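Have the sequence and the model open while reading.

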Amino acid sequence: MLTCSMSEKRSKSEYTDLAAIVYEAARDGAVVVLSNTLQRMSISERNTALETTTPVIIAAFNGNLDSVKILLEYKADIEARGTVKFDGEDFEGSTPLWAAAIPGHLDVVKLLIERGADVDGRNVKNSTPLRAAAYHGRLGIVNCLIENGADVNAHNNFPHHTPLMVACYNGHMNVVTYLIERGANMDLQDKKGNTALHEAIYKDQFKIAKELAALGASQLPNIQRLTPLLLASTNCKIDQVEYFINRPECTKEQRIEGLELLGATIANEPDVYDIEKAFSYMKRGMEE
């Protein structure tokens, strides 16, 4: 007697419809629909749907904790890879953990880690969940990832930005302080030679720049030979220049360079042009 399996009986269009239902239910957090649909599918159909549409990634991204639990019970790949769209940007090759970290779903992050997710699972741009969380100031997730062994100094492909650098750039003081307490290296340099201190100055994060300096961040030059002090000078950040040149570790040579460059910037940049002010800073440099 000839028999047919469930998958053989079901048409291709019927299977496609079920796979779409699984994805949409995971996306929307419709746990009853998700569970019932998965139960209706054969093992092979279910496995194919979980692998090709990666519903676990969209469920994690949308913070649908119960959907993630159901999908993992049905053996969804906890290291599945897919594209996450966030703030108008596509992040290819992202894992469910990465997808949960960037929008800030701490409960999902905890679940995935408990189930064995790779805390340093990188996407195509070599960005880790920790870097994604630090970029957006998700302190709770940053803490959870580091407590579970995430590499505090992991950098992306280009320009080699670390979690500390992106937290400084975006002004997340609480994340910056925590990362440093947990061993983040303040003096690592990206491919342009910039440190976390450079990043804070670029975005005028003065409070963070002062914190880094107070904690011992170095005045390292980038590939343009600009130290953080000189970067502040060339961007006419007067308060920051005054702060750095009055720190005890600032040498006479550094003060002279900072003051002269600040004066030259004020004399040459139309947006800040003030010849008297420019002369006063150059005069201070000559007096040094």
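Which residue lies over the face of F206? K210 does, at 4.8 Å from the ring centre; a charge counts as over a ring if NZ of Lys or CZ of Arg is within 6 Å of the ring centre and within 35 degrees of the ring normal. This is a predicted model, in which local features need pLDDT of at least 70 and side-chain atom pairs count only at pLDDT 80 or more, while totals for chains, interfaces and linings use all residues. Residues are numbered from 1 along each chain as its sequence is written, and side-chain values use heavy atoms, with hydrogens and water left out.

**Aromatic rings**

- There are four aromatic pairs, meaning rings of Phe, Tyr and Trp (its six-membered ring) with centres within 6.5 Å; planes under 30 degrees apart count as stacked, over 60 as edge-to-face and the rest as tilted.
- One of them, F91 with W98, is tilted, at 5.0 Å centre to centre and 45 degrees between the planes.
- Both F91 and W98 are buried (under 20% relative accessible area, with a 1.4 Å probe and protein chains only).
- Y243 and F244 pair edge-to-face, with 5.6 Å between centres and 65 degrees between planes.

**Largest pocket**

- A pocket is an open set of points on a 1 Å grid over the protein atoms alone where a 1.4 Å probe fits, with protein on both sides within 12 Å along at least five of seven lines; lining residues have an atom within 4 Å of a point.
- The largest pocket has 21 lining residues, and E89, F91, R131, Y135 and N156 lie nearest its centre.

Technical notes: Buried < 20%, exposed > 50% of the residue type's maximum accessible area, 1.4 Å probe, protein only.
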